[in-house]
2 protein chains.
Amino acid sequence: MIFRPIRTRRAFEEICERIREQLALGVLKPGDKLPPERELAQQLGVSRNVLREALRSLEMAGILRLLKGVKGGAFIREGDTSRMNEVMRDMLSLGSISVRELSEARINVIDLVVRLACVSARQRDFEALEANIERTDLATHEGRLLDRVECSREFYKLLAESTGNKVMAMITNSVTEIHMRFVYAKVASSGAATPRLTDKRRQFLSALRARDVAAATRLMRIHLESVQRMLELDPGSMSLHVALAEVQPGARR
Amino acid sequence: MIFRPIRTRRAFEEICERIREQLALGVLKPGDKLPPERELAQQLGVSRNVLREALRSLEMAGILRLLKGVKGGAFIREGDTSRMNEVMRDMLSLGSISVRELSEARINVIDLVVRLACVSARQRDFEALEANIERTDLATHEGRLLDRVECSREFYKLLAESTGNKVMAMITNSVTEIHMRFVYAKVASSGAATPRLTDKRRQFLSALRARDVAAATRLMRIHLESVQRMLELDPGSMSLHVALAEVQPGARR
DNA sequence: TTCCATTGAATGGGTGAACCATTTAATAAT
DNA sequence: ATTATTAAATGGTTCACCCATTCAATGGAA
């Protein structure tokens, strides 16, 4: 006989769960506003402090957005798909997953994404990728190496979105975001840059446009593996801590 | 010129970030204990309540575990890979992703997992899957339909783990967990059960053992699509709200 | 001595009242 | 009509206090 340990039900857990429940039931929807803290606390029969702990947790989970001032309050947010990135980052920080596993998963996930994109990508996806390659070209010629990394991040994001499946996009972004931190750290420290990057991108895009799965996946895999080798040449800049602690452009600071 | 809106830095955000930073830097590791709330609050120069909001958020994020009593405190947890499941669930609740996208992603991700498992699965993985099929058989013969669903959930978990890649496992579980809620709701309401389930599983396992990628992926895809069709037959039980609000066996209540 | 009950200290869980800071709308002054 | 002022609503923060749980130290009984 096995007894699972009972965890003391704490007020804030109960509150979080109830709000999530209302969400799941569709009673609460993005855009809705919860009652003011003082009022809600009274309704729930808890102190304002405890209620705030719950609201804070939900805010960190990307479910709520708290705004100050009259007309402020706790609003249900649109879902923030980047939450998954944070989870991935936390797992890496905590040592629950390894960089190797992440890289391997990324290569395979992107392989899948390419297959799906070959089937589902539409004209405007091609155009967005084309425009991204243009920007990458510009950044390359102007020597803005870190901007070029940012372009790469965006490239994979656009590629993932071209599958037309937001779940796939979310998954892809979560494995790509961390990977890009390593690339960023590497480029920032060594000034290394993938040679003929935009050529490779254009070749790939052509295969994608032709919906040539075999060619597209082959080109992408070759590229990803070459980047992987570049990163692995210098274990120092592959340091988990360097990459994770690195301040990113666009990071909320 | 674009000005990104500045978000007021709030004390608890700063605290969360600092602790995450210490984690990323490797200064804090799983098992470590933070100073007592009263002491840490003083060190950080904030009130205990604010510190608690930060600790709560980190606890909900799966990073901390708070224990009461002398010898209690805030401990850094081992990473909890199930956090990703919650994110997926929240995104669904908030309408940021659709059930259709989730199902499609799941079918494709599992296809990938099967490919990887064909290459990486080891003897003990096969044995674990075999044991799972035995349990499924037992549950089937004893008419424990909901236990059988639980077995299915575990089957995909074991399969994902047999890739030897925890990132892939995490991703797979996150798309499978929600899916299983729908299956659970369907089975609970209609008593429907996939016919010849364990036969199909055994066939699949044979292909996996033989490392026959083509056969394994084909068998799996056929099965997944048939389950999909079963679920879609009855849009009522596919209701998002029903499935998400459904109490699960093993759910922390 | 050994064992069990009691006690006390440490720590998280929770409360209530108060005040600060920001935002917006209503109001007053120009 | 426009601009400056004011007031109210709301989240942000602090303080002081008490409760509940846990565990180690203490002490008495067998």
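Against which helices of chain B do the buried residues of α9(B) pack? Keep that question in mind while you look around this predicted model, because the tour returns to it at its last stop.**Chain A as a whole**

Begin by selecting chain A, whose C-alpha trace spans about 65 × 50 × 40 Å along its principal axes. Colour it by secondary structure and you will find 11 helices and two strands, which follow one another along the sequence in the pattern α-α-α-β-β-α-α-α-α-α-α-α-α. Of the 253 residues of this chain, 42% count as buried. Among contacts in chain A between residues at least 6 apart in sequence, 68% join residues at least 24 apart.

**The two chains together**

Now show chain B as well, and compare the two copies. Chain A can be laid on chain B with an RMSD of 0.1 Å by a turn of 180 degrees and a shift of 0.1 Å along the axis, and that is the relation of a two-fold axis. The same surface serves both copies, since 98% of the contact residues of chain A recur in chain B.

Next, select the contact between the chains, which takes 47 residues from chain A and 47 residues from chain B. On the side of chain A that touches chain B, at least two residues each come from α1 (11-24), α3 (48-60), α4 (83-93), α5 (99-120), α8 (166-190) and α11 (240-245) of chain A. Highlight α5(A) in particular, as this helix gives the most to that side, with seven residues. Coloured by class, the side of chain A that touches chain B shows 23 nonpolar, 12 polar and 12 charged residues.

**The nonpolar core**

In soluble globular proteins, nonpolar side chains tend to be buried together. Here the largest nonpolar core has 136 residues, and those with the most contacts inside it are A:Val113 and B:Val113. Centre the view on A:Val113 and, leaving aside its neighbours within four places in sequence, look for the residues in contact with it, which are A:Leu159, A:Ala160, A:Thr163, A:Met168 and A:Thr172.

Turn now to DNA strand C, which has 21 residues around it, and select the ones that come nearest: A:Ala11, A:Ser47, A:Asn49, A:Gly69 and B:Gly73. The elements giving two or more residues to the surface near this strand are α1 and α3 of chain A together with β2 (73-76) of chain B. By class, the surface near DNA strand C has nine nonpolar, seven polar and five charged residues.

At least two residues of the surface near DNA strand D are supplied by each of α3 and β2 (73-76) of chain A and α1 (11-24) and α3 (48-60) of chain B. This surface has nine nonpolar, seven polar and six charged residues.

**Back to helix α9 of chain B**

For the last stop, select residues 197-209 of chain B, which form helix α9, with 13 residues and a reach of 18 Å from the first C-alpha to the last, close to the 18 Å expected at 1.5 Å a residue. Show the side chains of the buried residues of α9(B), namely B:Leu197, B:Thr198, B:Arg201, B:Phe204, B:Leu205, B:Ala207 and B:Leu208. With those displayed, the opening question can be answered: the buried residues of α9(B) pack against α5 (99-120), α6 (123-141), α7 (145-161) and α10 (213-232) of chain B. Finally, step just past the end of α9(B) to B:Arg211, which takes a positive phi of about 55 degrees.

Definitions and conventions:
Residues numbered from 1 in each chain as written. Chains lettered and ligands numbered in written order. Predicted model: local features only at pLDDT ≥ 70, side-chain atom pairs only at ≥ 80, totals over all residues. Contact = placed C-beta atoms within 7 Å. Helix = DSSP H or I, 4+ residues; strand = E, 2+ residues; numbered from the N terminus. Nonpolar A, V, L, I, M, F, W, Y, C, P; charged D, E, K, R; others polar. Near = placed C-beta within 6 Å. Buried ≥ 20, exposed ≤ 12 C-beta atoms within 10 Å, placed from the backbone. Core = buried A, V, L, I, M, F, W, Y, C linked by C-beta atoms within 7 Å. Expected span 1.5 Å × (residues − 1). Least-squares fit on C-alpha atoms with pLDDT ≥ 70 in both.
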